[in-house]
Amino acid sequence: MLFAIEEINNSTNLLPGISLGYKIYDSCASISRSVKVALALANGNELVSALSEAPCTRSAQVQAIMGETFSSLSMAIATVIGPFHIPMISHLASCACLSDKTRYPSFLRTIPSDYYQSRALAQLVKHFGWTWVGAIRTNDDYGNNGMATFTETAQQLGICLEYSVSVFRTDPPDKIQKIVDIIKASTSKVIVTFLSTTELYVIIDQLFLHNLTGYQWVGTEAWIFDSQTAAMDRHHILDGAIGLSIPKAHVSGMREFMLDVKASRNKLFTKFWEKLFNCKFKQSKSSAVNQSECTGHEDVTGVQNSFTDMSLMPIFYNIYKGVYAAAHALHGILSCNKTCNNKVQLDSFTILQNIRNIRFKTKEGDEVYFHENGDPAAKYEIINWQPTKNGIVDFVTVGLHDASLPADEQLNLQNKSLIWAQNSQQVPLSVCSEKCPPGTRKVLQKGKPVCCYDCLRCADGEISNITDSITCVRCDPEFWSNERRDACVKKEAEFLSYEEIMGALLTAASLSGTFMTAVVAFIFFRYRQTPIVRVNNSELSFLLLFSLALCFLCSLTFIGRPSEWSCMLRHTAFGITFVLCISCVLGKTIVVLMAFRATLPGSNVMKWFGPAQQKLSVLGFTLIQVVICILWLTISPPFPFKNFKTFNDKIILECALGSAVGFWAVLGYIGLLAMLCFILAFLARKLPDNFNEATFITFSMLIFCAVWITFIPAYVSSPGKFSVAVEIFAILASSFGLLICIFIPKCYIILLKPERNTKKNMMGKVPPKSF
């Protein structure tokens, strides 16, 4: 402050012809003494004894107050002088509460508010991935307000505080011990501090006594750039600490001014001088003995301590800017140019308003101004404590934080190697729970903060493709989760294809049945004039063989990828060909019954069921099925359908029935004809012919009905492509049953027993047999 005042008084550009004076009081870090001093400055009276009768009526002689260092003391002073509108400019009181202009209308400062520092600390902690931290604060306005803002910002950034404790220099030992026990029992490895140096010394000394080392300390400007704190940390508890500091500054001439100090310059330096050089002045009242006499010309530059290393230059610069702010305000009020108007009546309120609105540049080129709440622009350097080989801590600037920039650009860490706790070069880990990898989601642990959670694997069909996901996302219906649950993969489309074994076997069976039918047809054609072929209407036999061939072939339409045409074809072709087949069998059965009736005396029944009527009956029965199929295809035809429900990890390509009524009408009509045919064949099974075809038709219909009765539950319960295979199997089994039961016995006689293939043998009577 003295350096700035001397510069201003020696300047011809700022307050020419005006000399600034000063008064210096020591508040002794006491709130009561601070208030007492503030009142003395406010009314112009010197600091007098409490028993003095001197009146407090004189007007204030001070135009501005520089100070205080501590936030609590600044609040007390600002409360007292606020009604008088005397400007108070602090260089180090950073509590965010002092920005409240309704409570502290005359308070300004050249150090940023802790509101910005607290948020910057939270961003710094988040940057290094520390989500589980402890917090220690000084139990005063500085610590409590700063930590409150940090806690609020930390919660927004997903950072949890395992503990938050307060300490004060006068706390009893048992309270200090409780704090140590809390730290000892904690799992977090990072300690965020809002501590003044005095409280910090108390804590680190106790931690050393309990051998609690290896913690990563995060600090504020109160101690992070303080060489005296580094010197006090004899046990290197704070090595690797990182935190925020007032940006480095250089004021030309200040170092030389301070090192050129002489004890004779001011009585203020007398005790300081005696302490610095371990000497005493002649007129000194010091009681120390065996001390040399102080000359007042000792060389300060030869002393190595915090006074000479200029480590507090950023704080000096804050004081320097505060003094110049007051001087510039006075310069404007006094309308100074080459001279100043000494007749202007100075008013505290006017001076305060001018300081608030002041904007100027220092000789170093830095712009000085105050926001509407009396705060300067918030900029910080990020400092890392890096111990050197000789045991001295090197304060290395590793980044910057500028609160005036957008949120994502405020923190700027330089490409420098950082030293962490215990001289490690690896960033320490301080989390309550490890990060949840992709494929899992976070589930909070009951009764614990949000940073403590378990990682649960995503369910089938759900994924998470980011770290620490709180939810799993369900895949689209055509996709399914992979094994790691971190990506959706396209489901495999499943249908009965020709390439797979089951499809190939069914195809082979279908073609075999067709080939067998063709062979039987060839044999019947070759021996079409023989009695066994002619006896039961050879035309119906050939039509039956043709329909059986179609039945075998129609099963092929069920194999392969379903399409719109294949879905409509497979069910209608199956329905029509089977009705044609059963109609032929039914016609042959009726022929057997009519033939037996025709042999009775006076019977003329065969003229009503001759070849023409047989063909018409087959056509009529078949046309009914055709009409049913046409109605089905017209109203609600089958269509290709992607079934996502049967299997989670597969898409079943199948043919939806469209109209279930149509499907079951087709099957029901086939079943009705089959039952009718079975009943008639059963009634004709004991007719006394040597070769009674009704017996074989009965067996074939028995097989046919058994197959299709068992088909229904098997079809309903079979999943995916197996339901198609069941339907094909039913078609082939019933077709083979008809072919084998009706035609193989005849082929056996034609080829192996030709002696039985005679008209006499065919027409011969045999005794009835039990069935």
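The structure is a predicted model, in which local features need pLDDT of at least 70 and side-chain atom pairs count only at pLDDT 80 or more, whereas totals for chains, interfaces and linings use all residues. Residues are numbered from 1 along each chain as its sequence is written, and side-chain values use heavy atoms, with hydrogens and water left out. The buried residues of α1 are Leu2, Phe3, Ala4, Ile5, Glu7 and Ile8. Their cover includes α9 (254-259) and α11 (313-333).

The chain contains 21 helices and 24 strands; helices (H or I, at least four residues) and strands (E, at least two) are DSSP runs, numbered from the N terminus. The radius of gyration is 53 Å, well over the 28 Å that the globule rule gives for 771 residues, so the chain is more spread out than a compact globule. This radius is taken over C-alpha atoms, and the globule rule is 2.2 Å times the number of residues to the power 0.38. Along the principal axes, the C-alpha atoms fill a box of roughly 170 × 55 × 45 Å. Of the 771 residues, 49% count as buried. Among contacts (heavy atoms within 4.5 Å) with a separation of 6 or more, 65% are between residues 24 or more positions apart.

The largest nonpolar core has 66 residues; such a core is a set of buried Ala, Val, Leu, Ile, Met, Phe, Trp, Tyr and Cys residues joined through side-chain atoms within 4.5 Å. The elements that give two or more residues to this core include α13 (501-526), α16 (564-598) and α19 (693-717). The largest share, 13 residues, comes from α20. The residues with the most contacts inside the core are Phe574, Met701, Phe704, Trp708, Leu738 and Phe743. Leu738 touches Leu548, Cys581, Ile582, Val585, Ser700, Met701, Phe704 and Phe743, residues up to four places away in sequence not being counted. Another core, of 49 residues, lies apart from the largest one and has Ile18, Phe269, Cys294 and Ile351 among its members.

Strands of a sheet pair through backbone hydrogen bonds, either parallel or antiparallel. Seven of the nine residues of strand β13 (residues 379-387) are buried, so β13 is largely enclosed by the rest of the structure. Strand β8 (residues 242-245) runs antiparallel to β13 and is joined to it by four bridges; two strands pair if DSSP finds at least two bridges between them. Within this pair, Ile242 stands opposite Asn384. Strand β14 (residues 393-402) is also antiparallel to β13, over nine bridges, and Asp402 is the bridge partner of Lys379. β13 and β14 form a hairpin with five residues between them, and Gly391 in the turn has a positive phi of about 85°.

A further group of three strands forms an open sheet in the order β22-β24-β23, with mixed pairing. β22 (492-494) and β23 (639-643) stand at the edges, each with a single partner strand, so one side of each is left without a neighbour in the sheet. β23 and β24 (residues 650-656) pair in the antiparallel sense over five bridges, with Ile652 of β24 as the bridge partner of Asn643.

Notes: Buried means under 20% relative accessible area, exposed over 50%, partly exposed in between (1.4 Å probe, protein chains only).
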